[in-house]
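Trainee: I would like to learn how to read a helix and its packing. Please take me through one case.

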Amino acid sequence: MSETQATLPATAKQLAYARKIAELQNVVLPWEIQQDRRALSQWIDTQRSMPRVRDTRPSSKQVAFAERIARIRRRAVPDECFRDRSMMSRWIDSNKP
């Protein structure tokens with residue numbers, strides 16, 4: 001049996017799940033791995049066992065709300081708030097109209 005016959009293509013469901021994991025973990029899903037069902041399954045298992053990377057930046061909704069408050073209050077949102085979700089939350093709470 002040749003290697004091409006032994007290699008099964010990844011399923012659409014498997015690819016969709018792997019892409020979702022790659023997006024959430026902020027990692028690259030290698031093209032070669034996407035071509036082989038077993039390799040993709042191993043990649044998924046490895047990524048699931050890794051600790052999740054958490055994005056600490058504020059959400060776009062938080063930023064928009066803070067900027068609206070800043071316009072009402074006629075003050076600027078501090079730059080450091082744009083780098084940390086919890087700082088942005090505290091700034092919003094302390095400046096709500």
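Mentor: First, a term. Helices (H or I, at least four residues) are DSSP runs, numbered from the N terminus. The expected span of a helix is 1.5 Å times one less than its number of residues. This is a predicted model: local features need pLDDT of at least 70, side-chain atom pairs count only at pLDDT 80 or more, and totals for chains, interfaces and linings use all residues. Residues are numbered from 1 along each chain as its sequence is written, and side-chain values use heavy atoms, without hydrogens and water.

Trainee: How many residues does α5 have, and what length does it reach?

Mentor: α5 spans residues 60–73, 14 residues in total. From first C-alpha to last it reaches 20 Å, close to the expected 20 Å. Just after α5, Arg74 has a positive phi of about 55°.

Trainee: Which residues of α5 are buried?

Mentor: Buried means under 20% relative accessible area, exposed over 50% (1.4 Å probe, protein chains only). Gln62, Val63, Ala66, Ile69 and Ala70 are buried. They lie on the same side of α5, because their arc around the axis is only 125°; the arc is taken over directions from the helix axis to the C-beta atoms. The face turned away carries exposed Ser60, Lys61, Arg71 and Ile72.

Trainee: What do the buried residues of α5 pack against?

Mentor: Two packed helices are described by the angle and the distance between their axes. Here the partner is α6 (85–95). The axes come within 10 Å and cross at roughly 35°. Axes are lines fitted to C-alpha atoms over the stretch in contact, with angles from 0 to 180 degrees between N-to-C directions. Contact means heavy atoms within 4.5 Å.

Notes. Helix = DSSP H or I, 4+ residues; strand = E, 2+ residues; numbered from the N terminus.
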